[in-house]
2 protein chains.
Amino acid sequence: MYKSEQLALSLKHLIESGAWKAHEKLPSLRQQAETSGFSLITVMNAYQELEAQGLIYSKEKLGYFIAEDPDSVEIAKTVILNEKIEINSTVFRYLKSIQSEQIVPFGIAFPDSQLLYSSKLMQTLAQRARHRLSYEQMPSLPPGNLELRKLIAQRYCMQGIPTDPSDIVITSGGLDALNLALQTLTKPGDYILLQETIFYGAWQATEHLGLKVITIPEHPEHGLDLEAFKNAVSNYPIKVCLLMLNSHNPIGFTVSDEIKLQLAKLLQEHQIYLIEDDVYEELYFDHKKPLSMKYFDQQNLVLHCSSFSKTLGAGFRIGWVYAGKFSESIQHLQLMSTLSVNSFIQSALADYLSHRYYEKHLKTLRNTLKRLKNQYYQYLSKKLPETCKVHYYPSGYFLWITLPEQINSNVLYHALLQQNIGIASGALFYRSEQTPHHLRINCSFELNQNTQNALDLLISAIIHFK
Amino acid sequence: MYKSEQLALSLKHLIESGAWKAHEKLPSLRQQAETSGFSLITVMNAYQELEAQGLIYSKEKLGYFIAEDPDSVEIAKTVILNEKIEINSTVFRYLKSIQSEQIVPFGIAFPDSQLLYSSKLMQTLAQRARHRLSYEQMPSLPPGNLELRKLIAQRYCMQGIPTDPSDIVITSGGLDALNLALQTLTKPGDYILLQETIFYGAWQATEHLGLKVITIPEHPEHGLDLEAFKNAVSNYPIKVCLLMLNSHNPIGFTVSDEIKLQLAKLLQEHQIYLIEDDVYEELYFDHKKPLSMKYFDQQNLVLHCSSFSKTLGAGFRIGWVYAGKFSESIQHLQLMSTLSVNSFIQSALADYLSHRYYEKHLKTLRNTLKRLKNQYYQYLSKKLPETCKVHYYPSGYFLWITLPEQINSNVLYHALLQQNIGIASGALFYRSEQTPHHLRINCSFELNQNTQNALDLLISAIIHFK
């Protein structure tokens with residue numbers, strides 16, 4: 001038997017006898033070498049053997065820790081452990097069900113396309129198409145069109161986030177960005193922390209990658225519950241978290257700068273990566289764009305993901321990730337999947353963004369969404385029974401509605417679908433033992449005869465729910 | 001101990017004692033139940049236990065087989081077993097190196113963009129952009145634009161391959177199609193059969209998915225070596241193969257209908273799936289489009305992947321997979337990665353294809369490529385020393401050159417890069433103990449002062465190689 005095996009075996013006995021608690025730090029390699037008399041290499045090999053056996057785990061720069069005994073995982077009050085998530089088929093059926101043009105699309109995730117695809121942008125596209133000689137010889141390979149990356153980098157800089165175009169990788173939309181970031185930072189079996197209520201795309205991506213999911217509930221006032229977060233990261237070997245902090249989908253809250261700062265400190269302290277889903281960042285109604293976690297990030301722990309899908313058009317499939325030092329690794333993954341992102345659209349977007357049309361378009365878009373969201377909110381909160389709570393936050397275009405617990409939002413969804421009205425049931429966004437009793441309503445559509453009629457039917461269905 | 005555990009244990013002893021040879025079929029569940037006296041359920045549980053232990057493996061509809069003892073894998077003469085492929089970094093560096101506009105792009109995989117992006121197509125794009133009201137409300141979700149799928153299905157039907165639009169899934173380019181097909185049919189550790197010399201994207205995708213790779217060498221005359229194929233599928237539990245049979249990249253051959261028919265029979269006999277990479281299918285110089293394996297496919301074993309990247313423009317990133325019964329499973333994967341494919345380009349392509357511009361464009365493209373390939377072939381075969389072999393096949397735009405064995409094509413690639421000439425070294429396309437000594441030359445560029453000069457420098461570098 002090698003010395004390292006010998007050491008591993010005796011440490012194994014110690015661990016199994018309960019000498020250390022779960023998540024307690026093991027002596028450092030150097031300490032262990034000193035106390036045991038073995039060489040550093042031997043100790044390292046022994047630790048690696050124990051890690052391979054799943055008895056301990058390592059955290060970059062922080063050392064080795066005792067793993068959770070799988071037979072004794074305690075589910076803390078604030079966290080839920082999901083070994084395997086199976087939301088994909090539900091989402092698939094749901095997305096199929098609301099695709100028809102007959103359906104009033106309160107259930108979809110995108111703003112009314114009438115508000116996007118601005119005429120200036122489409123003119124730019126048309127001009128690009130007419131100047132075929134301007135195409136590059138090569139399709140735009142990863143990390144994507146340089147001009148576009150420069151303009152995106154500039155927008156970060158304007159918010160006080162130092163950014164170089166080489167930090168940015170263009171992706172095929174925001175979900176591709178999340179997915180590439182997840183693939184870069186995790187391997188199957190890793191622990192990831194998610195919000196309890198979250199965009200279903202994030203659930204699906206974690207399911208697909210075989211990650212172990214810990215969730216924390218939302219804070220009723222602050223959005224993010226720091227205590228629950230602390231509890232989770234102290235009790236589980238979480239490697240990465242995926243969070244939405246600005247104009248959260250589906251609920252709508254935006255987390256304050258103060259809480260973001262605290263979160264950044266916790267990430268640093270525990271050396272946990274954050275994938276920030278920030279696709280609604282531009283849709284604030286106040287005067288100032290909310291800060292991204294990238295602003296508070298001192299150690300390159302945040303991968304910030306965003307896209308033009310909610311501001312210019314989801315049909316373009318152009319997103320990006322602020323990848324920093326992970327840029328090359330993400331590009332590697334792209335070369336094995338989509339190869340590259342549509343170069344025609346990329347160069348047209350770069351053209352469009354360089355003319356400041358975008359700022360003007362965003363201003364109009366924000367004003368319209370603000371007006372519509374207020375109208376919907378007024379209408380719904382007036383007409384719905386008092387047992388319903390319509391959550392209002394000043395950004396985005398979703399209203400999140402808490403129904404009385406006896407109203408099953410899945411049943412409601414199916415009933416309304418019969419009347420050609422699409423809604424998004426809470427079941428798409430959380431996993432719970434309880435009956436789902438939440439709705440997400442997309443209120444980016446002008447209130448006309450048709451939409452108002454649909455709202456009335458929705459309200460009536462809730463009032464007369466049996 | 002459960003009865004099934006008891007049965008599993010005794011079967012395990014039998015297997016380990018060598019009662020069966022590797023890949024020999026085990027008695028069927030029913031036979032085993034009869035001989036052992038256990039119930040069908042018990043036998044099934046025992047077999048599944050043995051499968052979980054890696055002692056046996058199952059093949060759909062065919063039953064259970066004895067697994068290869070990992071310590072005694074024999075590498076047959078015609079096959080190579082690669083446990084882990086590491087080509088990605090090489091390809092990454094290579095693609096980066098030839099991206100500069102200063103470089104004469106003999107090394108790239110796409111045809112000269114001057115030949116693509118036809119003016120009719122770009123006009124269609126421009127028109128689409130000007131009619132923003134024609135956009136669909138929703139981005140085109142999987143399986144993609146129905147009109148486009150209808151037109152693609154029609155092209156299959158014209159070749160005598162019965163196809164319904166619902167068989168087709170639009171993807172973000174051809175590589176995405178391959179990757180989705182691979183993900184649908186395999187899980188990590190599965191065996192896949194590849195051609196020895198193959199498009200590097202296929203290597204990368206298999207590496208990324210953790211597949212075990214078996215390769216078969218090319219047949220010098222027929223392209224596909226049926227004997228090697230038989231040998232491989234008889235000796236390894238191959239689940240899926242990924243092959244390029246029309247205008248093979250990089251070599252250029254097209255496999256005959258007779259051999260394709262034989263191959264189809266073998267796939268059926270062994271119940272092996274085929275992912276067919278057929279992105280060059282339209283670039284034949286003869287009168288008739290070569291048949292795809294889909295033509296010979298009786299049992300839905302073939303997933304045919306193609307794209308518009310080599311005919312209309314790689315920058316558009318529109319490909320597809322003839323997925324048949326796997327359509328839904330592929331769409332599931334899309335909902336977890338890219339979500340959907342650019343809907344603007346999809347609808348413009350549908351418009352363009354419906355006007356028969358495409359056929360006209362393809363005719364011109366084929367004629368141009370035929371003329372250029374002949375010119376390059378004449379030039380190179382006249383000026384290169386007799387120790388070099390330039391392989392000519394009547395399709396596509398690649399010339400594959402076998403150099404004398406002492407000429408290391410990697411060294412040649414680096415030397416020519418210094419002179420701003422890009423070439424693709426054989427090392428990108430195969431893994432071999434030998435020094436790589438092949439080149440792939442893209443001959444889709446008009447022979448002018450610049451390209452001819454570059455060809456002369458290439459020839460001179462080969463002649464004076466030290």
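Helix axes here are lines fitted to C-alpha atoms over the stretch in contact, with angles running from 0 to 180 degrees between N-to-C directions. The helices themselves are DSSP runs (H or I, at least four residues; strands are E, at least two), numbered from the N terminus. What you have above is a predicted model, in which local features need pLDDT of at least 70, side-chain atom pairs count only at pLDDT 80 or more, and totals for chains, interfaces and linings use all residues. Residues are numbered from 1 along each chain as its sequence is written, chains are lettered from A in the order in which they are written, and side-chain values use heavy atoms, with hydrogens and water left out.

Let's start with α6 (residues 146-158) of chain B, whose axis comes within 8 Å of that of α12(B) and crosses it at roughly 40 degrees. That makes the pair oblique, the class left over once angles under 35 degrees count as roughly parallel, over 145 as roughly antiparallel and 65 to 115 as roughly perpendicular. Glu147(B), Leu148(B) and Leu151(B) are the α6(B) side of the contact, and they meet Gln346(B), Leu349(B), Ala350(B), Leu353(B) and Ser354(B) of α12(B), contact being heavy atoms within 4.5 Å.

Another cis bond joins Asn249(B) to Pro250(B), with omega about 10 degrees; look for Pro250(B) in the loop between β9 (238-243) and α10 (257-270) of chain B.

Leu339(B) is not a glycine, yet its phi is positive, at about 70 degrees. You'll find Leu339(B) in the loop between α11 (327-335) and α12 of chain B, where it is buried at a relative accessible area of 15%. Asn420(B) also has a positive phi, near 60 degrees, and sits in the loop between α14 (409-418) and β15 (424-425) of chain B. Asn420(B) is partly exposed, at 34%; buried means under 20% relative accessible area, exposed over 50%, and partly exposed in between (1.4 Å probe, protein chains only).
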